[in-house]
There are 2 protein chains.
Amino acid sequence: MNEYTSQPDLYAVIMAGGSGTRFWPASRASRPKQFMPIAGGSAMITQTVARMEEMVPIERVLVVTAAHQAEQVREALPGIPDENILREPESRNTAPCIALAALEIARRSEQAMQIVVPADQVIEPPDSFYATVKAACTEAGDGDCLITLGIKPTFPATGYGYIQAGETLRTHDGTPVLAVDRFVEKPDEETARGFIESGGYFWNAGIFAWRTDAILAALNQHFPEAIAALDNVGTGKDLDAAYAGLSSVPIDIAVMEQADNVRVIPIDYRWSDVGAWDALPEVHPPDADGNYAVLGQDGLLINEDSKGCITWTEDDSVVALIGVEDMIVVRTENALLVCPRDRAQDVKKIVEQLKQKAPRFL
Amino acid sequence: MNEYTSQPDLYAVIMAGGSGTRFWPASRASRPKQFMPIAGGSAMITQTVARMEEMVPIERVLVVTAAHQAEQVREALPGIPDENILREPESRNTAPCIALAALEIARRSEQAMQIVVPADQVIEPPDSFYATVKAACTEAGDGDCLITLGIKPTFPATGYGYIQAGETLRTHDGTPVLAVDRFVEKPDEETARGFIESGGYFWNAGIFAWRTDAILAALNQHFPEAIAALDNVGTGKDLDAAYAGLSSVPIDIAVMEQADNVRVIPIDYRWSDVGAWDALPEVHPPDADGNYAVLGQDGLLINEDSKGCITWTEDDSVVALIGVEDMIVVRTENALLVCPRDRAQDVKKIVEQLKQKAPRFL
């Protein structure tokens, strides 16, 4: 554990509820993105937990996941105590997920700090992240604010919400904490370009830090149905019934955009949510021809006049590309995807078609 | 057997020596194109033999193949007598192949007619082909000429030699027999276009008809080394040694371009040598989106804005194409090819790279 990040009462909450259809056919209903080794090596969730374990002991790492994925979580994370795997009967977006985790942590330690992260993001280098978390713990340690991390935009993304930051309130060991002027829903490209040019805008990455009592107070104020439904679950209440009545809503809309005590800590080191196949270059370096290949152990890419291609295979096959540019090529045991990089979002249309025509491939 | 094509002394010679690297990865060193079900259904060689069996009994169908492929020929053609499979120790192009077959047939019947065809072409409808063969047998039945079939060009192909035909010598039941003015080596596209515009030019398809004594006489005159080497093989001579000293040369260059008794019978029905992946549309109809898919029995093509694509799989996998046009996509057990249709000839460059880097994929 990292000496300067270890807080005496810090919990990590890993949100692992994603279904990951954008990585079809490598991600399946039975293997969402967080269980894929997208960044190389182990599954993303395993890497995320490893990052957390540098800051908190495993007993204080909680994973919130879909009930039907709980067994996979246990397999991917053999070290995690079973009582730290929180099982959602069905996905209700991040607000109920965060409420569930906060109520569980409150039963252990009401004033515990939390760092809340999605299971399927890449954030590097670790030391920079630990410094950010430490600053967040310092800033939010007295329970009077909610921290969201803001990613410095590297391109005019239309797939993220933005945070417009205000004045710099403080710095902790060189890490600034900014006021939040407003949250902005996913913009069009021109608007996004304007944000980057004007500066002071950050991507809203879904990474949060707060004291448990602070987020519970905010939930009570802005999303009371979640607390009403989930409080005392397990001691007489049934979680399935509690979830069935809950709205599906992200924490940003339910709480962050409503609360007046939100502050942002910008991060300008490497972050990626690896949202779809076209994001693979964010986590894998290109070869000499500018192609990005993630192959089976004895797999091979043979290239003839091809560049900018993203290739993913899971077996020891050879992939031969002739004269193709900026193409995504994915081969799995029983499926094959060919798609230009700029159509990566349309993989979900394939998933939709398969739901109708051949769900055996989902 | 077809009543009007059955000649009392007609033999069919099927040349099955191709290595078929242009259909990598579906064709392999161990499974050249003639053993692939390229036109659907059974292997091309099986379909070719079936076509011949409409004209001659199986006892008069000879297959010339590479010695190392003889076992595959026997498997593909269980009905063929073993003595009708002629095994070439190594490939020496078509002239030695034709000499070997002619010498074998001569031992059975010196004046037998022959129809000589490659194992890996599609020619339809059968009745039209039988009518052509019947006319060829009539024309060449007295042993004074060599017949080559000329395919009426459908586009300015640069991959075939051409035959410039001369006057119409005769017609047999409506089938014309033309004189040959000259053979032309593979032309450039502009020249080929000129051939089509001027008319009277035909593709040289490698389909021949002649009497056995006529081709042997022509070989004796124009390619005597083949007869000297191969005559009496098996009765004291060793075929391996005989082949080792032979030149590798096509029959067109060795004999047809030299002989003065060559005549051409044009065919204007459907013919394809399915030379590479881009020729698959010549033997498979497009689907409603203009894509050509040959899939495993329970395989599936899912299309989103893709057209003109050629897809070949051999298992029950799903292939998803998003926004790709005129692309060749081939998936086999341990290989994947993605290549634009107009680069299909470059598949052989992949084969060359694999010879160096990973021959296990050949």
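**View 1. Strand E6 (residues 146-151) of chain B is mostly covered.** In this predicted model, six of the six residues of E6(B) are buried (20 or more other C-beta atoms within 10 Å of a residue's own, with C-beta atoms placed from the backbone). Strands are DSSP runs of at least two residues (E), helices runs of at least four (H or I), numbered from the N terminus. Both faces of E6(B) are covered. Leu146(B), Thr148(B) and Gly150(B) lie on one side. Ile147(B), Leu149(B) and Ile151(B) lie on the other.

**View 2. E6(B) pairs with strands E9 and E10 of chain B.** Strands pair if DSSP finds at least two bridges between them. With E9(B) (residues 201-211), the sense is antiparallel, over five bridges. Here Ile147(B) stands opposite Ala209(B). With E10(B) (residues 262-267), the sense is parallel, over six bridges. Here Leu146(B) stands opposite Val262(B).

**View 3. Chain B meets chain A through 30 residues from each chain.** Contact requires C-beta atoms, placed from the backbone, within 7 Å. On the chain B side, E13 (300-304), E15 (318-322), E16 (327-332), E17 (335-340) and helix H10 (347-357) each give two or more residues. E17(B) gives the largest share, six residues. The chain B side divides into 20 nonpolar, four polar and six charged residues. Nonpolar means Ala, Val, Leu, Ile, Met, Phe, Trp, Tyr, Cys and Pro; charged means Asp, Glu, Lys and Arg; the others, Gly among them, are polar.

**View 4. A strand pair joins chain A to chain B.** Strand E15 of chain A (residues 318-322) and E17(B) pair in the parallel sense over four bridges. Leu321(A) has Val338(B) as its bridge partner.

Residues are numbered from 1 along each chain as its sequence is written, and chains are lettered from A and ligands numbered from 1 in the order written. Local features need pLDDT of at least 70, side-chain atom pairs count only at pLDDT 80 or more, and totals for chains, interfaces and linings use all residues.

Methods. Two residues are in contact if their C-beta atoms, placed from the backbone, lie within 7 Å. A residue is buried if 20 or more other C-beta atoms lie within 10 Å of its own, exposed if 12 or fewer, and partly exposed in between; C-beta atoms are placed from the backbone.
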